[in-house]
Amino acid sequence: MNQWKIFSKGFIKENPVFILLLGMCPTLGVTSSAINGLGMGLATTFVLVMSNLVVSLVKSQIPDKVRIPSFIVIIATFVTIVQLVMQAYVPTLYKSLGLFIPLIVVNCIVLGRAEAFASKNTVGSSLIDGLGMGLGFSFALTLLGAVREILGSGKIFDIVIYSEDYVTLLFVLPPGAFIVLGYLIYVINKIKKA
Amino acid sequence: MNYFVIVLSAILVNNIVLMKFLGICPFLGVSKKISTAAGMTGAVAFVMVLATIVTYLIQVFILNPLGLAFLQTISFILVIASLVQLVEIILKKVSPALYQALGIFLPLITTNCAILGVAILTIQNEYNLLEGVVFAASNAVGFGLALILFAGMREHLVMMDVPKGLKGTPIALITAGILAMAFMGFSGLV
């Protein structure tokens, strides 16, 4: 039960995007479509799980003073791996996510979980925490991407829902990201209270 | 490359915060008062220009000749992190007044994606060193412009009668959206 709680808290209760407001740059930057949001979410999840795993494994070896730089090196290693793998196997997605792939390294969620959770907990819990938080992040990005894609291009996951003649282009442009996220946080807060 | 185009594009057309979504954390985090927003802008401008110069030199003189371009992410973030530490130490010693003003913002800058983003973009756009410096400086101005404008709006927002559920972050995000819409008016300028 306890493990389930660690896993599930990332979805609504401590959702990194909607509640903790961490990692806002990729959240707003890449979610012009649902597939981009999902891709970014899964890339971040991989980095989150692997860095949580490694940090919890080596936590007793790292002197307290160089803790943060060591975490950053661990995270940057996995970001580089993701970068190279995506470049090789999903080049189109890699292109559309662009700059935000290397920027996973400065995503506050990853360093935040390493510092707040993985450096204090067992390997198993850290893995579950990373997976839960990562999937919660992916969920938020996919939801935001889906709403923007439906409103802004009349499609979801590239499946046409209604004619492009009726779309509001603004929602796939930068201002739409801010506005949709604002209203989504409002809705999530309502749900959480109910 | 026309310097004028770089400056105009970085400040208005492709504003780093409102169009490229870099540095959103400080944009939302320290934008409640104009004075703190100005302090943050100063710190970001300082580190952004310095970091761009240093990372550019590392890319051109170390990573490229040795064929280590894949180490870009790791080396850049380490350089930026240590640079921030160094700036903090030097500033404390040399100019306590400036340190007082910027001090609390400096540690936050390491995880500010605008710094790493601009450093990587300088390499990706294949600028030379001078163009890189101009690019970094104008991005810093663009960051400051967006941040200070937004802080001004938020100072007024506190006094507004906002619907209950939208108070705080949601209304701030929607306001930022409207600000971004205003900046879209500049598109096509260059």
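Biologist: Why is B:C25 called partly exposed in this predicted model?

Modeller: In this predicted model, B:C25 has a relative accessibility of 26%, and since the partly exposed class lies between under 20% for buried and over 50% for exposed, B:C25 counts as partly exposed.

Biologist: What makes B:C113 buried or exposed?

Modeller: The relative accessibility of B:C113 is 6%, and because buried means under 20%, B:C113 counts as buried.

Biologist: How do you know whether the sulfur of B:C25 is bonded to the closest cysteine sulfur or too far for a bond?

Modeller: The closest cysteine sulfur to that of B:C25 is in A:C108, at 3.6 Å, and a disulfide needs two cysteine sulfur atoms within 2.5 Å, so this pair is too far apart for a bond. Over all chains the structure holds zero disulfides.

Biologist: Which residues line the largest cavity, and how much space lies in it?

Modeller: The search of the whole structure finds two cavities of 30 Å³ or more, and the largest holds about 70 Å³ of space. Its lining includes B:C25, A:C108 and B:C113, together with residues such as A:M24, A:F100 and B:T111. The largest share of that lining, three residues, comes from α2(A).

Biologist: How do the residues of the lining of the largest cavity divide into nonpolar, polar and charged?

Modeller: They divide into nine nonpolar, three polar and no charged residues.

Biologist: What makes up the lining of the second largest cavity?

Modeller: About 40 Å³ of space lies in the second largest cavity, and its lining includes A:I72, A:I75 and A:L111 from chain A as well as B:I77, B:T110 and B:T111 from chain B. By class, that lining has six nonpolar, two polar and no charged residues.

Biologist: Why is A:T31 called buried, and where does A:T31 lie?

Modeller: A:T31 lies in the loop between α2 (24-29) and α3 (34-58) of chain A, and its relative accessibility of 0% is under the 20% limit, so A:T31 counts as buried.

Biologist: What makes the pairing of the side chains of A:T31 and A:R148 a polar contact?

Modeller: The distance between them is 3.0 Å, and because the limit for a polar contact is 3.5 Å, the pair is within it. A polar atom of the A:T31 side chain also lies 2.8 Å from the backbone oxygen of A:T27. Leaving aside neighbours within four places in sequence, A:T31 is in contact with several residues, including A:P26, A:L141 and A:R148.

Biologist: How do you know that A:S56 is buried?

Modeller: A:S56, in helix α3 of chain A, has a relative accessible area of 3%, which is under 20%, and therefore A:S56 is buried. Beyond its neighbours within four places in sequence, its contacts include A:A118, A:N121 and A:S126.

Biologist: What classes do A:F157 and A:D158 fall into, and why?

Modeller: A:F157 lies in the loop between β1 (155-156) and β2 (159-160) of chain A, and A:D158 is also placed in the loop between β1 and β2. A:F157, at 38%, counts as partly exposed because that value is between the two limits, whereas A:D158, at 56%, is over 50% and therefore exposed. Neither is a glycine, yet A:F157 has a positive phi of about 45° and A:D158 has a positive phi of about 70°.

Note on methods:
Residues are numbered from 1 along each chain as its sequence is written. Chains are lettered from A and ligands numbered from 1 in the order in which they are written. This is a predicted model: local features need pLDDT of at least 70, side-chain atom pairs count only at pLDDT 80 or more; totals for chains, interfaces and linings use all residues. Side-chain values use heavy atoms; hydrogens and water are left out. Helices (H or I, at least four residues) and strands (E, at least two) are DSSP runs, numbered from the N terminus. Buried means under 20% relative accessible area, exposed over 50%, partly exposed in between (1.4 Å probe, protein chains only). A polar contact is a pair of N or O atoms within 3.5 Å; within protein, one must be able to donate a hydrogen and the other to accept it, and residues adjacent in sequence count only if both atoms are side-chain atoms. Contact means heavy atoms within 4.5 Å. On a 1 Å grid over the protein atoms alone, a cavity is a set of points where a 1.4 Å probe fits but cannot get out, and a pocket is an open set with protein on both sides within 12 Å along at least five of seven lines; lining residues have an atom within 4 Å of a point. Grid points are joined across faces, edges and corners, and a volume is the space filled by probe spheres set on the points. Ala, Val, Leu, Ile, Met, Phe, Trp, Tyr, Cys and Pro count as nonpolar, Asp, Glu, Lys and Arg as charged, and the others, Gly among them, as polar.
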